[in-house]
Amino acid sequence: TLFHFSPFGAIEEDFSGVKARFDELRRSGVTDIGAHLAGRPDEVVAMIGRVRVVTCNEGAARLFGITSADDPATFDLSRHLSPEATNVFAGEFAALAEGRTHFRAEFTAADALGRPVNLDLTLTVQPGHEATLDRVIVSFIDISQRVQAEAKLRESEEKFAKIFRRAPVMIAITTLADGTYVD
């Protein structure tokens, strides 16, 4: 119930195909999968193709345009990825290869209409599935408004700094308590 009615997007995924690729790489002599994936976006995209969506909640369905008639297993995650997202997935895969069961990152993806959306993603391997990675919950929150507000704040701070530094009159910032100069 919590999964399906959460106000945040959540997808249950099967990463066993990714785990199989980890095993193939290790058999071929790769000891550091994170280093192997660095600079190999094609390998990362191929691994993304091995992730199978088992089910998703309404939040994920709305964001990615999955209808109730769609089979989540045929959902193509790669349609929603930016080059930045590929780097995030490389980090996610490296974390899983190291045996970590949690991963968190912020990145930009594309929504169902192809518009950019900023996401805070959390991946959790379900207890008891660490060896197979066949049950992983990926949840995400749309943080686009926060990212836009942060950008506006940075812009405002930059404008203030320019005015402060270039003003033809003396301006000082002091503490209220004792008048100590801050800037």
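Modeller: The model is a predicted one. S6 sits in the loop between helix 1 (2–5) and strand 1 (9–14). Is S6 buried or exposed? Its relative accessibility is 18%, and because buried means under 20% relative accessible area, S6 counts as buried. The side chain of S6 also reaches the backbone nitrogen of F8, at 3.1 Å.

M47 belongs to helix 4, which covers residues 41–48. With a relative accessibility of 0%, M47 counts as buried. Leaving out residues up to four places away in sequence, M47 touches V18, R21, F22, L25, L37 and F93.

V182 gives a case from the surface. V182 is found in the segment after helix 7 (144–166). Its relative accessible area is 56%, and exposed means over 50%, so V182 is exposed. Together with F160 and I173, V182 makes a nonpolar surface patch of about 280 Å².

Now the chain as a whole. It has 7 helices and 5 strands. Read from the N terminus, the elements follow the order α-β-α-α-α-β-α-α-β-β-β-α. The radius of gyration is 22 Å, well over the 16 Å that the globule rule gives for 183 residues, so the chain is more spread out than a compact globule. Taken along the principal axes, the C-alpha atoms fill a box of roughly 65 × 45 × 30 Å.

Some totals for the chain complete the account. Of the 183 residues, 38% are buried; S6 and M47 are among the buried ones. The chain exposes about 11,100 Å², and carbon and sulfur atoms supply 55% of that area. Where contacts join residues at least 6 apart in sequence, 56% of them join residues at least 24 apart.

To return to the part you asked about: S6 lies in a loop, counts as buried, and has a side chain that reaches the backbone nitrogen of F8.

Key:
Residues are numbered from 1 along each chain as its sequence is written. This is a predicted model: local features need pLDDT of at least 70, side-chain atom pairs count only at pLDDT 80 or more; totals for chains, interfaces and linings use all residues. Side-chain values use heavy atoms; hydrogens and water are left out. Patches are made of residues with over 30% relative accessible area and no salt bridge: like charges are joined within 9 Å, nonpolar side chains (Val, Leu, Ile, Met, Phe, Trp, Tyr) within 5 Å. Accessible areas come from the Shrake-Rupley method with a 1.4 Å probe; for residues, only the protein chains shown count as cover. A salt bridge is a side-chain nitrogen of Lys or Arg within 4 Å of a carboxyl oxygen of Asp or Glu. Helices (H or I, at least four residues) and strands (E, at least two) are DSSP runs, numbered from the N terminus. Buried means under 20% relative accessible area, exposed over 50%, partly exposed in between (1.4 Å probe, protein chains only). A polar contact is a pair of N or O atoms within 3.5 Å; within protein, one must be able to donate a hydrogen and the other to accept it, and residues adjacent in sequence count only if both atoms are side-chain atoms. The radius of gyration is taken over C-alpha atoms; the globule rule is 2.2 Å times the number of residues to the power 0.38. Contact means heavy atoms within 4.5 Å.
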